[in-house]
Amino acid sequence: MHEMSLAQGILDLVEQSAQREQFTRVQELRLEVGALAGVEISALQFALDTMSQSGILHGAQIVIDTPPAQAWCMQCSQTVEITERGQACPKCNGYQIQATTGTELRVVDMVVID
Ligand SMILES: [Zn+2]
């Protein structure tokens, strides 16, 4: 499952910063998953919940934000917001749009316990 390996990647990242910054537990982990990242949020949440049963994420509250993606519409000559890949421009209904953000998955905030 794609989301399981993403969750593993996030866990690796958290463990690396734990080593670097000398903390042992995470209280809260906030992630941002772009609307075009192709990630199923419920599956990712499930995978992270499974991983937080033990280890560094034990008991951590995991919050996943899904901000809308931004795209450039060539017809409107402006940036518009879209929520899924292949969507038409919400302003002119055209398809000449190019996604500029929304494909990323990142850790935005982490509250740690020493
Ligand atoms: Zn448009």
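Predicted model: local features only at pLDDT ≥ 70, side-chain atom pairs only at ≥ 80, totals over all residues.
**Entry 1: the sheet**

I started with the strands and found an open sheet of 3 strands, ordered β2-β1-β6, with mixed pairing. Strands β2 (61-65) and β6 (105-113) are at the edges with a single partner strand each, so one side of each has no neighbour in the sheet. From one strand to the next, the twist averages 15°.

**Entry 2: β1 beside β2**

Next I looked up how β1, residues 25-33, pairs with β2: the sense is parallel, and there are 5 bridges. For a landmark along this pair I picked Glu28, which stands opposite Gln61 in β2.

Then I checked what lies on the sheet here. Helix α2 (residues 41-51) packs on it and touches both β1 and β2. I looked up the direction too: α2 makes about 160° with β2.

**Entry 3: α1 against α2**

At what angle do α1 and α2 pack? I got about 50°, with the axes of the two helices 8 Å apart. Helix α1 covers residues 2-21, and its crossing past α2 is right-handed.

I also wrote down who meets whom. From α1 come Glu3, Met4, Leu6, Ala7, Ile10 and Leu11. On the α2 side they meet Ala43, Leu44, Ala47, Leu48 and Met51. Sorted by class, this contact has 10 nonpolar residues, 1 charged and no polar ones.

Technical notes: Residues numbered from 1 in each chain as written. Pairing = 2+ DSSP bridges. Helix = DSSP H or I, 4+ residues; strand = E, 2+ residues; numbered from the N terminus. Axes fitted to C-alpha atoms, helices over the stretch in contact; angles between N-to-C directions. Contact = placed C-beta atoms within 7 Å. Left-handed = near helix turned anticlockwise from the far one by under 90°. Nonpolar A, V, L, I, M, F, W, Y, C, P; charged D, E, K, R; others polar.
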